[in-house]
Amino acid sequence: MRKAATYHTNYRLPSLTGRGWGWVSWVCCILLLLVACRREPELHLFPTEETKWFKLPVIDLNLEVVWNYETAAGMNYDWKSEWYYGWDDEDRRLFGELGYTEPTEFCLRRYYTSNVPKGPHTSVRAHTVTSNPFVAQYNWGFWDLLAWNNIHTIDGVQSLIFNEEATLDSVTAYTNQTMHPSRYNAPRYSHSFYEPEQLFAAYEQGIEINKSLDGFKYDYERMIYVKELTMTLEPVTYIYLTQVILHNNRGRIAGIDGSANLSGLSRSVTLNTGYTGSDPITVHFGARMKRDCRKQDELVDIIGGRLVTFGICNSNGFRTVSRQSVVDNSRHYMDVSMVFNNGNDSTFVFDVTEQVRQRFKGGVITVELDVDTIPIPSRRGGSGFDAVVKDFEEETYEIEM
């Protein structure tokens, strides 16, 4: 007599590497385990108490893997050759690590679609995975699985918000507005938005658990049937490294207020697809000024920062293959408030649209500024300075004092 069936899923998340692929891949092996005695002449399945088993991943994710651009000359993008600001212990203390960091906890959502593959989601089973092991029970039929990393921050405050209530068929991540004003290319919002924390997601649909055990293999050591599924964990947030290189400064620009903004970026991303929303916003991020940095044979002062963002609107940056396929209707302006040695301040605004479009999944954004061409402001209050960014030798500026 056949007894009731109980079956388990055994999730293994091994190393995330880019070696051999040219892009980042997180192979997430999901082992669907069916507890059994034998299969000849028929399979007898016995109910067991539900347990938990989940192996946390070891992740090797670096910027060279994500920023796998190809230059016009057919060479790989070498971001280190154009990044002069560096990243020291004080930058790490203030802003965190320069590149992506390894997640240690994960959110998992399981959706049962009965006998309809990729059907609509009518219910969800939510799990937070923080330790080994993790095993879950499954009904016969089809399942969809969504996973993303849990968030940990330096100050314990999280900016990311996850919307799972609007529809069970997808999860959307977004951030809210800061207290800082948004001056450029943000028609709907008067203030800039918090940058999101680093976020990765994986989604698989139509996973079949069938009674004939198609696609299963028998594990003799554990005396169970195993089905292996490969999922890919992809970044859905992107890192930009910004630097304003000050030539011939000689102490005239004495410092900054510690922040900057970049406009025309998406407010949200859908975790299931990796596609960003259509709502452009300005993202607020931290910045710092360093003196006497070496740029080839010259000592320069540099204002640098690190920005995490959802990327360009209406796109999946990680799956975009070339600049020619980028559809971006927004302009991208970077603004930095600088303080001069007479105590007066000015807001510098740079059009970096082409750089952002060229580096559609993150990269280095550079502005070069000859301080000899800038009049020192005679009053306080954030007098506007709009810079039309070209090559250093050809830069022209419009100054409003």
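Which residues form one aromatic cluster? Trp67, Tyr69, Tyr77, Trp79 and Phe360 do.

## Basis of the report

The structure is a predicted model, in which local features need pLDDT of at least 70 and side-chain atom pairs count only at pLDDT 80 or more, while totals for chains, interfaces and linings use all residues. Residues are numbered from 1 along each chain as its sequence is written, and side-chain values use heavy atoms, with hydrogens and water left out.

## Nonpolar cores

A nonpolar core is a set of buried Ala, Val, Leu, Ile, Met, Phe, Trp, Tyr and Cys residues joined through side-chain atoms within 4.5 Å. Buried means under 20% relative accessible area, exposed over 50%, and partly exposed in between (1.4 Å probe, protein chains only). In soluble globular proteins, nonpolar side chains tend to be buried together.

The largest nonpolar core here has 58 residues, and Trp67, Trp79, Val244, Ile303, Met338 and Phe350 have the most contacts inside it. Strand β17 (residues 238-247) supplies the largest share of this core, 7 residues; strands are DSSP runs of E with at least two residues, numbered from the N terminus. A second, separate core has 15 residues, including Cys107, Leu146, Ala201 and Leu271.

Leaving aside residues up to four places away in sequence, Val244 touches Asp301, Ile302, Ile303, Met334, Val336, Met338, Phe350 and Val367. Contact means heavy atoms within 4.5 Å.

## Aromatic rings

Across the whole structure, a search finds 13 aromatic pairs. Rings of Phe, Tyr and Trp (its six-membered ring) pair if their centres lie within 6.5 Å; planes under 30 degrees apart count as stacked, over 60 as edge-to-face and the rest as tilted. Phe340 and Phe348 are stacked, because their ring centres are 6.2 Å apart and their planes stand at 25°. Both Phe340 and Phe348 are buried.

Lys290 lies over the face of Tyr85, at 4.0 Å from the ring centre. Lys361 lies over the face of Tyr69, at 5.8 Å from the ring centre.

## Positive phi angles

Most residues other than glycine have a negative phi. Ser114, although not a glycine, has a positive phi of about 60°. Ser114 lies in the loop between β5 (106-112) and β6 (125-129), and counts as partly exposed because its relative accessibility is 34%.

Gln296 is likewise not a glycine and has a positive phi of about 55°. The loop between β20 (280-295) and β21 (298-309) holds Gln296, which counts as exposed at 55% relative accessibility.

Notes. Helices (H or I, at least four residues) and strands (E, at least two) are DSSP runs, numbered from the N terminus. A charge sits over a ring if NZ of Lys or CZ of Arg is within 6 Å of the ring centre and within 35 degrees of the ring normal.
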